[in-house]
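The exercises below ask you to work through one model step by step, and each is followed by its solution. Please keep the sequence and the coordinates open while you read.

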Amino acid sequence: MQSALDEARRGLGRTSPNPAVGAVIVKGGRVIARGHHARAGTAHAEVEAIRRAGAKAGGADLYTTLEPCDHWGRTPPCSVAILDAGIRRVFVGSRDPNPLVNGRGLRRLRRGGVEVVTGIAEAECDALNEAWFRFITAGRPHVTLKAAASLDGKIATRDGDSRWVTGPEARALVHELRDRSDAVLVGAGTARADDPRLTARLPGGRGKDPLRVVLDSRLSLPRRLHLFRSRSAAPTLVAHAAGTSGAAPPGVEYLRCRARGGRVDLADLLVKLAGRNVTSLLVEGGAEVNRAFLEAGLVDRVVLFLAPKVVGGDGLSWVAGPGARRMAGALELEDVAVARVGTDILVTGRPARPLAKGRARG
């Protein structure tokens, strides 16, 4: 199953709106074929592995990171292909929550005389497709909130200078996160202050640019920004709640969303993004946007880079607002992991609950 997971990872960021899946066929104690789902519309992992195994697949064992599908889409059902190939046993990592599958593939295999074993490396297989699971079960993209801050939690100095908080290794990892995400989002403040491109710049030009989303509630951003004029394989989506859009520049699309408190309703935006088959969204701040997503309970994972620097004073915190009155009201992260990235520290975790809405003093 670890080999199947390695295969599945080869498709990360390329299979949307499908999950990333890997499969390995074993016979006589030897791996005879591997396969992974490369992109939507191509052969699924199990079918690809069976194709590579050929006649040797008969009587073999198949390991797959996700329950084989059992419905007709752009490709035939994997469950039927497995039966036709004469596979003897199937070992499965994750159950498929898709209502079109969700146990049907396993039942067809068992009815066909195939021995099925489930729950193999299940936690790792589930983690691999956490974004797709959220998309299928909640009808919205999986949201990763990424921030880079100093040790005292500042993302910029009091004069707004933010280049660069972290080192080159951390910044390179952010490009990998973009490469694996369907979309990346910033607020109007970040777009105006940093003028980012939000592209995935990986060595050798192999990065896949995500859909670029900017929150511009009143359509106030100047059109000279890179988001509106830089060349990218992915378009820029301007989410707004008021104002007249007019004609969009080339590669730019305006998306009208419901308003909440005079700003874009984030829940409505996520539903609209899901309707465009966006399964994963990377939020890159700034402080007001981070606060809004955390208060709305729409963040599935926090990715926080901490640099060995202290800004002090009135530097800008990575989450805006007055904050919690008592430590008991502070936002906590669960499933926390810590790693070293160059000279920086990477902290990841899952918010235990929404951020409490702060109230101004007095």
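**Exercise 1.** Which residues does W164 touch, not counting residues up to four places away in sequence?

*Solution.* Before starting, note that this is a predicted model, in which local features need pLDDT of at least 70 and side-chain atom pairs count only at pLDDT 80 or more, whereas totals for chains, interfaces and linings use all residues. Residues are numbered from 1 along each chain as its sequence is written, and side-chain values use heavy atoms, with hydrogens and water left out.

Begin by placing W164, which lies in the loop between β7 (154-156) and α7 (168-179); helices (H or I, at least four residues) and strands (E, at least two) are DSSP runs, numbered from the N terminus. Then list its contacts, meaning heavy atoms within 4.5 Å: with residues up to four places away in sequence left out, W164 touches R171 and K309. Finally, the C-alpha atom of W164 is separated by 9.9 Å from that of A149, 15 residues apart along the chain.

**Exercise 2.** Determine how α2 and α3 pack, and which residues meet.

*Solution.* First take the axes, which are lines fitted to C-alpha atoms, for helices over the stretch in contact, with angles running from 0 to 180 degrees between N-to-C directions. The axes of α2 and α3 are 9 Å apart and form an angle of about 25 degrees. The two helices are therefore roughly parallel to each other, a term used for angles under 35 degrees.

Next, identify the residues: E46, V47 and I50 of α2 meet C78, A81, I82 and A85 of α3. Sorted by class, this contact has 6 nonpolar, no polar and 1 charged residues, where Ala, Val, Leu, Ile, Met, Phe, Trp, Tyr, Cys and Pro count as nonpolar, Asp, Glu, Lys and Arg as charged, and the others, Gly among them, as polar.

**Exercise 3.** How many residues of α11 are buried, and what follows the helix?

*Solution.* Counting shows that 7 of the 9 residues of α11 are buried, so that the helix is mostly covered. These are A287, V289, N290, R291, F293, L294 and E295. After α11 comes G297, whose phi is positive, near 70 degrees.

Key. Parallel < 35°, antiparallel > 145°, perpendicular 65-115°, else oblique. Buried < 20%, exposed > 50% of the residue type's maximum accessible area, 1.4 Å probe, protein only.
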